[in-house]
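Welcome! Take a look, then read on.

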Amino acid sequence: MSFSYRSAAVSAGSAGIAPAKSKSSPALAYQRPGLRPQRAPVRTRRYEIAWLSSSGDVEFATRVAPAISQFEEAFSAFARGTVVQTEDGPVAIEDLMPGTRVQTAEGGSERVTWVGSMTIFPPNAVSGIEPALMTRVTADAFGLGRPNPDLVLGPRARILLRDDRFQAATGMASAYAPAAAFVDGVSIVEVTPIAPVPVYHLVLERHGSIRAAGLEVESYHPGSGIAEMMDTQLASLFLALFPQVKGFADFGRVAHGQLSMAEMERVLYG
């Protein structure tokens, strides 16, 4: 598969847009009425998706959509090579197909209905793109066998927490917290890619926690408030990445609460 960033913007000249006002150029002090001001370029990227159709077939597609956090979060939890526990044994994330049943922390197993992937790039590899940091969780960082062996997670991975200190601070018995919030520079460290790295995410028939190398990592769910954050056009682009659903409600209920980075830092550091 090939992945790339590209700009969705059209040059001002080809779009028929007059130059913006310039203090240093008197000749450009006025703009012709009726013309829209030039918009900033919108970055897009290619997303690879596979999903289970209503007929039970596995279908594949490539989509070009905005390279913004709400979109990229749906594709960036597991690094290539992550081993996921399924009903048929361990399977590498890049080999996992829709229709497979994976083991979950909620008990039993859930069917994968969608697999998404994108590529993150080293610093300065793509102009104007922030470098993405991954999180390496070394063996036993969360206790014996959690994980085993080391586990590399994508920039938007969330780990299921059940902890007395956590419950005392939030009042919740369990919740998903960003893996990046636990970086301590010793047993959990930030990793900057030195080459392009494919990353993946999964949607389950019922939202839950995927067992990967002994840790429980959240399957993808956009959250309860995402529909209010997007206008109609952006929401349409977003849902086009998930052909197995008709609307946000079809993602179902969230299995556990979802904490932001800031909320988790307050739990950890007060």
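**A first look around**

A180 touches T135 and M261, leaving aside residues up to four places away in sequence. Please keep in mind that this model is predicted. The points below start with A180, move on to the nonpolar cores and end at T100.

**Around A180**
- You will find A180 in the loop that runs between β12 (175–178) and β13 (188–191).
- A180 counts as partly exposed because its relative accessibility is 30%, and partly exposed covers the range between under 20% (buried) and over 50% (exposed).
- A180 and A157 are 23 residues apart along the chain, and their C-alpha atoms are separated by 7.9 Å.

**The nonpolar cores**
- The largest nonpolar core has 32 residues, and F78, L153 and M264 have the most contacts inside it.
- Elements that each supply at least two residues of this core include β8 (109–120), β14 (197–204) and α6 (261–269).
- F78 touches, among others, I93, L153, P198, Y200 and V217, not counting residues up to four places away in sequence.
- A second, separate core has 30 residues, among them F71, W114, M118 and V152.
- In soluble globular proteins, nonpolar side chains tend to be buried together.

**Around T100**
- T100 sits in the loop between β6 (89–92) and β7 (101–103).
- A polar atom of the T100 side chain lies 2.9 Å from the backbone oxygen of M97.
- Not counting residues up to four places away in sequence, T100 touches T86, E110, R111 and V112.

Key:
Residues numbered from 1 in each chain as written. Predicted model: local features only at pLDDT ≥ 70, side-chain atom pairs only at ≥ 80, totals over all residues. Heavy atoms only, no water. Helix = DSSP H or I, 4+ residues; strand = E, 2+ residues; numbered from the N terminus. Buried < 20%, exposed > 50% of the residue type's maximum accessible area, 1.4 Å probe, protein only. Contact = heavy atoms within 4.5 Å. Core = buried A, V, L, I, M, F, W, Y, C linked by side-chain atoms within 4.5 Å. Polar contact = N/O pair within 3.5 Å; in protein donor to acceptor, adjacent residues only side chain to side chain.
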